[in-house]
Amino acid sequence: MTAPAAPTATSSPRYAGHPGSPDLLRSVFRRHAAGVAVITAETGGRPAGFTATSLNSVSADPPLLSFTIGTGSSSWPAVRDSDHLGVHILGEHQRELAGLFARTGADRFAAATGWSAGPHGVPVLDGVLAWLVCRVVARVPAGEHRVIIAEAVAGDPAGEGRPLLYHQGRFNALRD
């Protein structure tokens, strides 16, 4: 008795796809809903920060996370030079804050932004769903970006509300 033949893949116009490109990657990831975080740092006595949708849990033990940042970002020098960073999970009530930290040239820490110096002098934002202060353990080159890997050293998960999402180029609320 012989085993049945293994299925084989056949080429089909339906699965021909598009050639890999930056536009293809952006188009595919517009369909991927992601949580919204703000990453903060302090350098030279000045706070810096940016909106990130690339936040990922890496390991529970040790407690590691990762995110990416472009080396052309105005926040890159602060992230590059800081030993500790803040990671803030935004709630759906914080669309304006997400937009502020995503906007180039904006005064992100103006009087309207509630924050205080947290552990290791890291700026901690008010009213977020959760926050962590993390020690940077690696900055890995990835094209024009860096993948930052950091270990959580302090934080608070007790904020109230529902998460803010980023989908199709817009900040959105979670629907039931």
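Reader: Among contacts between residues at least 6 apart in sequence, what share joins residues at least 24 apart?

Author: This is a predicted model, and the protein in it has three helices and twelve strands. Contact here means heavy atoms within 4.5 Å. Among the contacts in the protein between residues at least 6 apart in sequence, the share that joins residues at least 24 apart is 62%.

Reader: What percentage of the residues of the protein count as buried?

Author: The C-alpha trace spans about 75 × 35 × 30 Å along its principal axes, and the protein exposes about 10900 Å², of which carbon and sulfur atoms supply 54%. A residue is taken as buried when its relative accessible area is under 20%. Of the 176 residues, the part that counts as buried is 32%.

Reader: Which residues of helix α3 are buried?

Author: Helix α3 covers residues 95-102, and what covers its buried residues includes the strands β2 (37-43), β3 (46-52), β8 (123-125), β11 (164-167) and β12 (170-173). One of these buried residues is Phe-101, with a relative accessible area of 1%. The buried residues of α3 are Leu-97, Ala-98, Gly-99, Leu-100 and Phe-101.

Reader: Is Thr-113 buried or exposed?

Author: Thr-113 has its place in the loop between α3 and β7 (115-117). Not counting residues up to four places away in sequence, Thr-113 touches Leu-97, Leu-100, Phe-101, Arg-108 and Leu-125. The relative accessible area of Thr-113 is 7%, and because the cut-off for a buried residue is under 20%, Thr-113 is buried.

Reader: How are the rings of Phe-101 and Phe-109 arranged, stacked, tilted or edge-to-face?

Author: The structure holds four aromatic pairs. In the pair of Phe-101 and Phe-109, the ring centres are 5.3 Å apart and the planes stand at 85°. Planes over 60 degrees apart count as edge-to-face, so the pair of Phe-101 and Phe-109 is edge-to-face.

Reader: Which residues form one aromatic cluster with Phe-109?

Author: Phe-109 counts as buried, at 14% relative accessibility, and Phe-101 is buried too, with a relative accessible area of 1%. The residues that form one aromatic cluster with Phe-109 are Phe-101 and Trp-115.

Reader: Which residue in β10 stands opposite Gly-70?

Author: Strand β5 (residues 64-70) is mostly covered, since six of its seven residues are buried. Three bridges join β5 to the antiparallel strand β4 (residues 56-59), with a hairpin of four residues between the two and with Asn-56 opposite Ser-66. β5 also pairs in the antiparallel sense with strand β10 (residues 145-156), over seven bridges. In β10, the residue that stands opposite Gly-70 is His-145.

Reader: Why is strand β6 largely enclosed by the rest of the structure, and which residue in β9 is the bridge partner of Leu-85?

Author: Strand β6 (residues 84-89) is largely enclosed because five of its six residues are buried. Four bridges join β6 to the antiparallel strand β2, where Ala-37 stands opposite Ile-89. β6 also pairs with strand β9 (residues 130-142), in the antiparallel sense and over six bridges. In β9, the bridge partner of Leu-85 is Cys-134.

Reader: Which strands stand at the edges of the open sheet of three strands?

Author: The order of this open sheet is β1-β11-β12, with antiparallel pairing. β1 and β11 pair over two bridges, and the bridge partner of Ala-34 in β11 is Tyr-166. Two strands of the sheet each have a single partner strand, so one side of each is left without a neighbour in the sheet, and these edge strands are β1 (34-35) and β12.

Reader: How much accessible area do Leu-25, Val-28 and Phe-29 have together?

Author: Val-28 lies in helix α1 (residues 22-30) and counts as partly exposed, at 47% relative accessibility. Together with Leu-25 and Phe-29, Val-28 forms a nonpolar patch on the surface. The accessible area of Leu-25, Val-28 and Phe-29 together is about 300 Å².

Methods
Residues numbered from 1 in each chain as written. Predicted model: local features only at pLDDT ≥ 70, side-chain atom pairs only at ≥ 80, totals over all residues. Heavy atoms only, no water. Buried < 20%, exposed > 50% of the residue type's maximum accessible area, 1.4 Å probe, protein only. Pairing = 2+ DSSP bridges. Phe/Tyr/Trp six-rings, centres within 6.5 Å; stacked < 30°, edge-to-face > 60°. Patch = residues over 30% accessible without salt bridge, like charges linked within 9 Å, V, L, I, M, F, W, Y side chains within 5 Å. Areas by Shrake-Rupley, 256 points an atom, 1.4 Å probe, with all protein chains shown as cover. Salt bridge = Lys/Arg side-chain N within 4 Å of Asp/Glu carboxyl O.
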